[in-house]
There are 2 protein chains.
Amino acid sequence: MSDEALLLIAASESDSNLYYATRFLAPDPFVFLQVGSRKILLMSDLEIDRARAQARVDEVLSLSEYEGKARQRWQSPRLIDIVGLLLEAYGVKAISVPSNFPLEYADRLRDTDVRVTARPDPFFPERLVKAEDEIAAIALTQRHTETAFEAALAVLRESQIRGEQVYWQGKPLTVEQLKKIINVSLMENDCVAQHTIVACGIDGVDPHNQGAGPIRPHESIVFDIFPRSSHTRYFADMTRTVVKGKASDGLRQMYDAVLAAQLRGIELIRESASGQAVHAEVARTLEGRGFETGVMDGRMQGFFHGTGHGVGLDIHEPPRISKVDHPLRAGQVVTVEPGLYYSRWGAVRIEDLVVVEAAGCRNLTHAPKAALLEL
Amino acid sequence: MSDEALLLIAASESDSNLYYATRFLAPDPFVFLQVGSRKILLMSDLEIDRARAQARVDEVLSLSEYEGKARQRWQSPRLIDIVGLLLEAYGVKAISVPSNFPLEYADRLRDTDVRVTARPDPFFPERLVKAEDEIAAIALTQRHTETAFEAALAVLRESQIRGEQVYWQGKPLTVEQLKKIINVSLMENDCVAQHTIVACGIDGVDPHNQGAGPIRPHESIVFDIFPRSSHTRYFADMTRTVVKGKASDGLRQMYDAVLAAQLRGIELIRESASGQAVHAEVARTLEGRGFETGVMDGRMQGFFHGTGHGVGLDIHEPPRISKVDHPLRAGQVVTVEPGLYYSRWGAVRIEDLVVVEAAGCRNLTHAPKAALLEL
């Protein structure tokens, strides 16, 4: 066999490479072998009929049948022994596997003199460049994201400030209520949102703090929503920052700076642009407005994360728009999400999702962001 | 260093071992090193403050600081180079890693003469035996599962049969509507359900077919619901089979057989019981009632999956109650879910979640199952 052979053993539910290769979704690990252009699955009795009907592969083989053969050689063959037999049957002596291929399997195959090489990420570079149907799927998840965000905004609009609290339907409004409204709205559109961030005031100053407790007036509220469509498996990702009440001057200046930095980033994104250069320019825009980054009062403050990342079947994919250089290519879908975080004023992050094109980019995000929304 | 060192590099969001070890949830990979009993994290600037506040570890180190040190040795150090420095700093020359440890990282560490050994699953055997607070978390997810199932049953009860269709609120009732009702109810209780199965008639005969399209009267409807709590991260798992209208005699006999087999399985579960023996007895009970298993009309029919599996931070954990022998231990939480699948009659599966105890088991599932529910 002169062609390169690829081997994946994973649950496609949690391994996007395997889902991409087969378009078959299963919760338990299964075996995918590609020899030249021929795609082969080895499936359990439980999944074999569904795999034959749904998987975009050339051949679906029975794991039980191979297990029967393996029993002639081993008393209790393990999955990887059976995979060894499959490789023998196809004359495969060397395989490429993803960087995250399980070490235990690799070691056992190597014990049988199969050459196993971990291919650096991305395993399927073509995954990063989205086809039109993939872009449409991401855009649709993005629409549902905006619908969910609008539902939360409607509640903030209806709610009332009394002293240091925000009331909705007669009770103090909480982050938990807003998250539920967002997540239920998404679920109604068959999108699953996990770890939605609704972070008020100081909570938002830690960019991955998911937020909790009462909504306080006159403080920043960062909404970061990144659901996955259960139908298409594609993610979207959006962040907006609003205030219930009146923002401080400091917060407003932060907002303007982040918006300017984000717009500058979007201007620079196009085929062949350097992710590193875009990030550097975004960071420079923030610095140019006097917002510095570093450890202050014992914690990181300022702008201390990347500008963006690819989005697709994974929420975080290459390319990164960050300190590490990744050249951008037409068809990639990336976030642009600068932020500023200061214990003194709060947090601002603004995130859109854009498609890289030959001469610029197309913004898939329609939610308004022109000014800090004071509700 | 005489103690064994453990190394995990993963996103705790998708790797339950890492979440179990740290109780810290993050969407991107991070580094966990345990030297003897000392637990150490290496965290990015983005996560370091949250990790210091939340992670149950002894020390949280700064990835950027280590990266700075690494730059003195390499021009563009990779994560695994930085991990190499960390191992040096702690005098670690040999590490145990989980079976799913990424091959690329292992190969690079081995290149620097670190001995890397994949430990067979389960990596943390203590994970399989649940503490009381873990059982309480699973039981609570199970309560929310039953609430969601009740919401779907209420719709089936309200709906009406007209000819070959089931109508609800003036329109044909669909699987998609029932799933949405279930998943939204779960989301209201902060549980995320993915791939909920509502499979009507022939769809259910493939046990992993998630179901689609109109609900048809007088056919089996299999509900398999397995959400995860966003709060506790613990799963529950339940299956019930109902009919809207009147079941055929064949379907009713299948139901009685599956119920008898399931009750027999539950009777046998206790400390030190053999999972294999429980599964064999469940299968025998079905056979004893004349329900055979094998390829019929070109597809697997009868009872062709395991009887049960552990449930916890993963939906499928050891032990298995199946053809492979796993001895059961007190404190394990397992499903008991025999099923029968025939193209001619439809599908029946009944699944409870039980805690293994010294002299028997405690059933965490309260939803009725005494007879095939004809709504």
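## A salt bridge within one helix

Arg264(A) and Glu267(A) form a salt bridge, with the closest N and O atoms 2.7 Å apart. The term covers a side-chain nitrogen of Lys or Arg within 4 Å of a carboxyl oxygen of Asp or Glu. Both residues belong to helix H8 (residues 249–268) of chain A. They sit 3 residues apart there, about one turn of the helix. Helices (H or I, at least four residues) and strands (E, at least two) are DSSP runs, numbered from the N terminus. Over all chains, a search of the whole structure gives 50 salt bridges. Side chains of opposite charge can pair when their charged atoms come close.

## Basis of the values

This is a predicted model: local features need pLDDT of at least 70, side-chain atom pairs count only at pLDDT 80 or more, and totals for chains, interfaces and linings use all residues. Residues are numbered from 1 along each chain as its sequence is written, chains are lettered from A and ligands numbered from 1 in the order in which they are written, and side-chain values use heavy atoms, with hydrogens and water left out.

## Symmetry of the two chains

Two copies of a chain are related by a rotation about an axis and a shift along it.

Contact means heavy atoms within 4.5 Å.

## The interface

Chain B gives 42 residues to the contact, and chain A gives 42 residues. The area buried between them is about 3,900 Å². Carbon and sulfur atoms give 57% of that area. Buried area is the accessible area (1.4 Å probe) that two parts lose on being put together, summed over both. Leu46(B), Leu103(B) and His208(B) supply 17% of the area that chain B buries against chain A, more than any other three residues.

The rule finds 4 salt bridges across the interface of chain B and chain A. Asp107(A) forms a salt bridge with Arg110(B), and their closest N and O atoms are 2.8 Å apart. Several elements of chain B each supply at least two residues of the side that touches chain A, among them helix H2 (45–54), helix H5 (103–111) and helix H7 (175–188). By class, that side of chain B has 18 nonpolar, 9 polar and 15 charged residues. Ala, Val, Leu, Ile, Met, Phe, Trp, Tyr, Cys and Pro count as nonpolar, Asp, Glu, Lys and Arg as charged, and the others, Gly among them, as polar.

## A three-stranded sheet

In chain A, 3 strands form an open sheet in the order E7-E8-E9, with antiparallel pairing. Strand E7 (160–162) and strand E9 (171–172) of chain A are at the edges, each with a single partner strand, so one side of each has no neighbour in the sheet. Two strands pair if DSSP finds at least two bridges between them. E7(A) is joined to strand E8 (residues 165–168) of chain A by 3 bridges. Arg162(A) stands opposite Gln165(A) in E8(A).

Chain B has an open sheet of 3 strands in the order E7-E8-E9, also antiparallel. There, 2 bridges join strand E8 (residues 165–168) of chain B to E9(B). Tyr167(B) has Pro172(B) in E9(B) as its bridge partner.

## Backbone exceptions

Most residues other than glycine have a negative phi, and most peptide bonds are trans. The peptide bond from Asp121(A) to Pro122(A) is cis, with omega near -10°. Pro122(A) is in the loop between strand E6 (115–119) and helix H6 (132–158) of chain A. The bond from Pro318(A) to Pro319(A) is also cis, with omega near 0°. Pro319(A) lies in strand E18 (residues 317–321) of chain A.

Asp113(B) is not a glycine, yet has a positive phi of about 70°. Asp113(B) lies in the loop between H5 and E6 of chain B.
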